[in-house]
Amino acid sequence: MYQYTCQKDIEEKTARYQISISELAARHEAEREEVDVSVVMERMQQSLAVMKTNIRTGVESVQPSIGGLIGGNAAVMYQYATADAPLGGELLARAVAYALAVTEENARMKRIVACPTAGACGVVPACLIAVGETRGLDDAALTRALLNASAIGIVIAAGATISGADGGCQAEVGSASAMAASALVEMAGGSVSACINAAAMALKNMLGLVCDPVDGLVEVPCSKRNAVGVANAIAAADMALAGITSVIPLDEVVRAMKEVGRALPYELRETAKGGVAASKTAQEIRRRISQSLAEDI
Amino acid sequence: MQSDYSVFDIVGPIIIGPSSSHTAGACRLAGAARAIFNKPIDDAEIHVYGSFAATLRGHGTDKALVGGLIGLVPDDERLPRALDLAREAGLKYRFVIEEEMAAQPNLVRFEMRNANAGAYMSVSGASVGGGNIVVTRINNTALEISLKYHTLVVDHLDRPGAVLSVARILADNQINIASMNMYRQAKHDRAYMILEIDQPIECSVLLALRSLPDMSVIYIPQLY
């Protein structure tokens with residue numbers, strides 16, 4: 001009854017039942033699992049709790065990642081966001097710090113929520129929690145925002161892909177950014193159509209983004225790409241809240257993302273053979289890591 | 001293409017980072033191997049292929065594989081300390097980095113031993129994305145087990161009536177079979193029956209299955 005796999009379904013069903021996207025997501029999940037909506041909310045709140053922990057510990061930790069390429073940028077950025085006068089304002093700088101925090105925690109083997117993947121796990125929590133703090137929103141509002149985000153993620157997963165190996169980083173950070181943009185609009189009181197427009201604009205801006213992890217590790221450039229996914233989501237959400245619409249509808253952007261993913265060469269889909277993973281510095285890092293591995297085994 | 005996603009496929013799963021396929025999937029594969037061996041493991045040789053071999057350390061794949069063998073699950077916060085925990089638990093393990101190209105990019109083979117029982121088993125499997133796994137071989141038999149359902153692995157002698165005897169016990173206990181596959185080494189030789197079932201199995205049913213002649217039955221509750 002509440003099932004949705006595309007923008008059209010979401011528009012039709014939210015209009016028919018006079019509900020928000022988050023409510024549609026909650027009711028569909030309750031329906032498919034044969035449980036009460038409150039069970040779905042409770043379970044989603046557990047994910048929110050993990051995200052909050054990642055941010056709290058991540059902005060303080062300077063421990064290096066297990067691959068050794070990142071760790072400590074979140075702390076630097078958080079300090080800057082709160083003590084200096086960031087060019088994009090305190091909110092954006094803090095949200096960027098949060099995205100770095102979650103991705104650095106991921107690379108330290110901490111417990112995280114894949115959102116929609118482990119590689120893109122920073123974007124959604126960073127956006128939602130930073131804006132939630134600024135606006136004084138409670139956990140219930142943030143939990144609903146996560147449900148809104150997952151509805152957009154379902155549309156992208158069903159119509160294209162959320163895997164970097166299939167579609168490049170546009171499918172991971174791009175999807176996360178679209179999910180966050182829509183969720184932010186609902187948090188700010190925007191309409192269903194504004195949510196969908198925000199998602200479409202955010203995803204459009206990420207088309208073509210390649211997946212080129214240095215030495216195959218979820219560290220460089222992944223952590224900083226999450227930060228850019230945050231900035232993109234906030235810009236898209238603000239445009240939608242201002243009343244700007246996407247000329248290309250979300251369903252068509254999703255299809256375009258799938259086609260672009262197909263057109264991406266194998267080297268640029270998580271294989272660590274192209275993009276910055278093929279750079280001179282990346283090669284040197286690779287040599288260094290394989291040497292230390294050989295010494296250990 | 002899958003279309004009926006759960007919101008927790010998208011915001012989730014909750015796992016120990018950094019990679020769903022190289023960390024969570026690796027841990028699940030080891031958990032599957034441990035469950036199929038079904039005896040305490042005191043010695044394990046872990047052969048890694050493809051990108052499992054390439055990012056062994058950097059994605060914590062080594063810790064995830066050993067962690068799974070001692071019973072840790074993909075969101076267990078002890079996973080980063082798995083190598084120490086394994087030594088404390090008396091598990092001897094070695095990694096063998098295989099250079100050859102395997103059929104799957106994330107492939108591992110566990111060679112597990114239990115000295116007391118004189119038992120040995122080799123289990124191979126692949127991590128196929130998003131933390132999903134498939135077990136591809138037990139000893140010399142190629143097969144396919146996803147562990148997305150409650151699963152029965154029945155090692156039996158390839159002869160008429162084997163399937164019926166298992167199916168009758170399940171039917172008598174109102175257990176529905178979602179899928180069933182047979183794999184054998186050769187005619188009249190040892191064979192595996194893999195049954196995915198919709199309901200969990202109670203102890204009494206498992207005992208009834210285990211009393212069947214020439215069969216050894218392993219039950220693996222839904223892994224995820």
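Colleague: In chain B, what percentage of the contacts with a separation of 6 or more is accounted for by residues 24 or more positions apart?

Modeller: The structure is a predicted model, and in it such residues account for 68% of those contacts in chain B. The secondary structure of this chain comprises seven helices and 11 strands.

Colleague: How many residues does chain B have, and what is its radius of gyration?

Modeller: A compact globule of 224 residues would have a radius of gyration near 17 Å; chain B has 18 Å, so the two values agree. Its C-alpha trace spans about 50 × 45 × 35 Å along the principal axes. Of the 224 residues in chain B, 41% are buried.

Colleague: Into which domains is chain B divided?

Modeller: Domain 1 covers residues 7-139 and domain 2 covers residues 150-220. The C-alpha centres of these two domains of chain B lie 26 Å apart. Where they meet, four residues of domain 1 are in contact with four residues of domain 2. On the domain 1 side, three of the touching residues are nonpolar and one is polar, with no charged residues.

Colleague: Which residues touch the most other members of the largest nonpolar core?

Modeller: The general idea comes first. In soluble globular proteins, nonpolar side chains tend to be buried together. Here the largest nonpolar core holds 167 residues, and Cys127(A), Ala180(A) and Ala181(A) touch the most other members. Helix H7 of chain A, residues 139-159, gives the most to this core, contributing 11 residues. Domain 1 and domain 2 of chain B both give residues to the core as well, and therefore it lies between them.

Colleague: With which residues is Cys127(A) in contact, leaving aside its neighbours within four places in sequence?

Modeller: With those neighbours set aside, Cys127(A) is in contact with Ala95(A), Ala180(A), Leu184(A), Val230(A), Ala233(A) and Ile234(A).

Colleague: Is Leu48(A) buried or exposed, and why?

Modeller: The count of C-beta neighbours decides the matter: a residue is buried if 20 or more other C-beta atoms lie within 10 Å of its own. Leu48(A) counts as buried because it has 21 such neighbours inside 10 Å. This residue lies in helix H3 of chain A, residues 37-58.

Colleague: How many residues apart in sequence are Leu48(A) and Thr143(A)?

Modeller: They are 95 residues apart in sequence, and their C-alpha atoms are 6.7 Å apart in space. Beyond its neighbours within four places in sequence, Leu48(A) is in contact with Thr143(A) and also with Asp139(A), Leu142(A) and Leu146(A).

How values were computed: Residues numbered from 1 in each chain as written. Chains lettered and ligands numbered in written order. Predicted model: local features only at pLDDT ≥ 70, side-chain atom pairs only at ≥ 80, totals over all residues. Core = buried A, V, L, I, M, F, W, Y, C linked by C-beta atoms within 7 Å. Buried ≥ 20, exposed ≤ 12 C-beta atoms within 10 Å, placed from the backbone. Helix = DSSP H or I, 4+ residues; strand = E, 2+ residues; numbered from the N terminus. Domains from an automatic or database assignment. Contact = placed C-beta atoms within 7 Å. Nonpolar A, V, L, I, M, F, W, Y, C, P; charged D, E, K, R; others polar. Rg over C-alpha atoms; globule rule 2.2 N^0.38 Å.
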